[in-house]
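Thank you all for coming; I would like to walk through one structure slowly this morning. Please look at the picture first, and then we will take it piece by piece.

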Amino acid sequence: MRDTWLVLQRTARPTLRNPVVIVFGLMQPLLFLLLFGPLLGGSGSWQWFVPGLIIQMGLFGTAYAGFGLIPEIRSGALERMRVTPVSRVALLTGRVLHDVVMLIVQCVLLLAVSTAFGFRASIGHVLAGLVFAVLIGVSVGSVSYTLALKLKHEYAFAPVLSSTVMPLMLLSGVLLPMNQGPHWLYVLSRINPFSHVADGVRAVIAGNFGSSSVLTGGIAAVALAAIGLVWGTRSFVRANA
Amino acid sequence: MIKARGLARQFRTRGHTVDAVQGVDIDVEPGELVGFLGPNGAGKSTTLRMLTTLLRPTAGEAVVAGRDLLADPAGVRERIGYVAQGHGAGTEQKVFQEAESQARFYGLSPADARRRTGELFARFELDEVADRLAGRLSGGQQRRLDIVMGILHEPKLLFLDEPSTGLDPQSRSNLWEHIRALGRSGTTIFLTTHYLDEADALCDRILVIDHGKIVAEGSPDALKSQVSGDLVQFETDTPAVAAEIAAKIEGAQELRTDGNTVRFRVPRGDTQLPGLLRALDHADVSLMSVQVHRPTLDDVFLTMTGRSLREESYA
Ligand SMILES: Nc1ncnc2c1ncn2[C@@H]1O[C@H](COP(=O)(O)OP(=O)(O)OP(=O)(O)O)[C@@H](O)[C@H]1O
Ligand SMILES: [Mg+2]
């Protein structure tokens, strides 16, 4: 725990020196909110659309966290830390925690802006929704750092990201309801665990805690986070990087 | 401090295998300053990365700083310092904070970390750049920062991989002074280098590595005298007589006469000289000049491998 905190501190320093990066991460979902949201029409659409943006931020923001690790690999900083007694797991978890905090701050800012458009939710429901955001952050962040650790170069990491993040986002049904499209597309989206997480977030923010989507989405989110963490810790602990 | 047996590492890249290190034995006693000398690609860094728990050996075993390398890598990490061949500071981190974090990683309390970092920054003249981003430092400043980060926790055993690469002569000799001071304060130091003068000037003992194998070992002086012997050279009016006398010296070899000059190699030429002079005097050979050249480590390497270290390392 102490080690995770130390790594988090170190990782957060450049961000705190330059907090604008948090706002940059908000640009894309804000644009969707501004330029796409109104297309959905009807006042109820905000209640449907806004929770999905949490998933979008996780995919489009946190997924890119691994880019921060590559210069650390190149400069030798990661290797230097791997020779200290600091836990190698903490080298991952400290970083992931940093991105989870970033994601939560971004979610809160985004939800605050959304209220100006007519989005409404109780604080309690939003907090429950943020639990999902934490799980998404853990899962996407861990996977992103692990891929960066394995690929080591931006030119290898970037195409892997763009070719996975985009389909995951489109098939998660955060932009439009998937059941309005052709059946095969709907089936594909159901295979994508993020679509279940999106449904879960929507249900929770609407206060439908009894809905089966909450359970399915919760299981999907916990499973994704666990898989990400297990894969990540295994890769970070392994002797030969 | 270090006891390694049959340490080996193989890399597999796209089908073909590289035997980077092929079974080296290393013994380093507490307090020693040992150099690991070899040309590019000899396997120096790979060996160091194995000894510092960064790479798992494909064969062999080692005890480093009293801990078993394979069974207790975490114990090894607590007891050693390591300065890699490349730099080690995060480019986006401020210099002082980065070093302070490093001290915290080694378990120092916040107050101790600050104090210790401050001390070393003063000693290594990094105070002026303490608030800069590490990525903006000059090569020499970065190298000093690397070394500071390797010794914050006062390790008993310090690994330095090519500490002076890329430094100007002034900074190099400065760095050597720092390394000697660490050695005097009782730190055991194991450093790699491909600079002959560095190994010669700094190390109590040298291991010469080539193609992943240790090919020679000893103090710089021992290595030099053991392998090729000193070159003794004198000028005289009667070279034929002189050469006859020189040939009788025990261990004399490669005797050659070239005009008035007689040359030969002999182990510890400095101790042979008085006897030789007496013998020549006795035979009424008059000398115009006498010279004894100590062999260089390059001669050592040349004799051991048939190649010159110099050609490769300065290529
Ligand atoms: N990760 C790796 N994968 C594949 N081959 C490697 C790897 N690391 C080192 N090698 C190879 O192992 C050999 C020894 O490399 P090493 O870095 O130990 O040499 P070195 O003695 O430190 O050389 P230098 O003086 O250039 O630093 C080289 O042939 C190198 O190409
Ligand atoms: Mg090397």
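Predicted model: local features only at pLDDT ≥ 70, side-chain atom pairs only at ≥ 80, totals over all residues.

Let me begin with a question: does B:Ser45 count as buried or exposed? B:Ser45 counts as buried, because its relative accessibility is 18%, where buried means under 20% relative accessible area, exposed over 50%, and partly exposed in between, computed with a 1.4 Å probe on protein chains only. Residues are numbered from 1 along each chain as its sequence is written, chains are lettered from A and ligands numbered from 1 in the order in which they are written, and side-chain values use heavy atoms, with hydrogens and water left out.

B:Gln85 is partly exposed, at a relative accessible area of 40%.

Now to the interface, where 31 residues of chain B are in contact with 23 residues of chain A, contact meaning heavy atoms within 4.5 Å. The buried area between the two chains is about 2400 Å², with carbon and sulfur atoms giving 49%; buried area is the accessible area (1.4 Å probe) that two parts lose on being put together, summed over both. On the side of chain B, the residues that lose the most area to chain A are B:Leu54, B:Arg77 and B:Phe105, together 29% of what that side buries.

Which salt bridges cross here? The rule finds 3 across this interface, a salt bridge being a side-chain nitrogen of Lys or Arg within 4 Å of a carboxyl oxygen of Asp or Glu. In one of them B:Glu98 pairs with A:Arg10, with the closest N and O atoms 2.7 Å apart.

Staying with chain A, A:Arg95 sits in helix α6 (residues 88–115) and counts as buried, at 3% relative accessibility. Beyond residues up to four places away in sequence, A:Arg95 touches several others, including A:Arg10, A:Glu72 and A:Tyr145.

Finally, over all chains the count comes to 28 salt bridges. One of these joins B:Arg205 and B:Glu32, whose closest N and O atoms are 2.6 Å apart. B:Arg205 lies in strand β9 (residues 205–210) and B:Glu32 in the loop between β2 (16–28) and β3 (33–37) of chain B, so the pair ties together parts that are 173 residues apart in sequence. Both B:Arg205 and B:Glu32 are buried.

A further pair is B:Arg263 with B:Asp258, at 3.9 Å between the closest N and O atoms. Salt bridges that share partners also join A:Arg10, A:Glu72, A:Arg80, A:Arg95 and B:Glu98 into one network.

Notes: Helix = DSSP H or I, 4+ residues; strand = E, 2+ residues; numbered from the N terminus.
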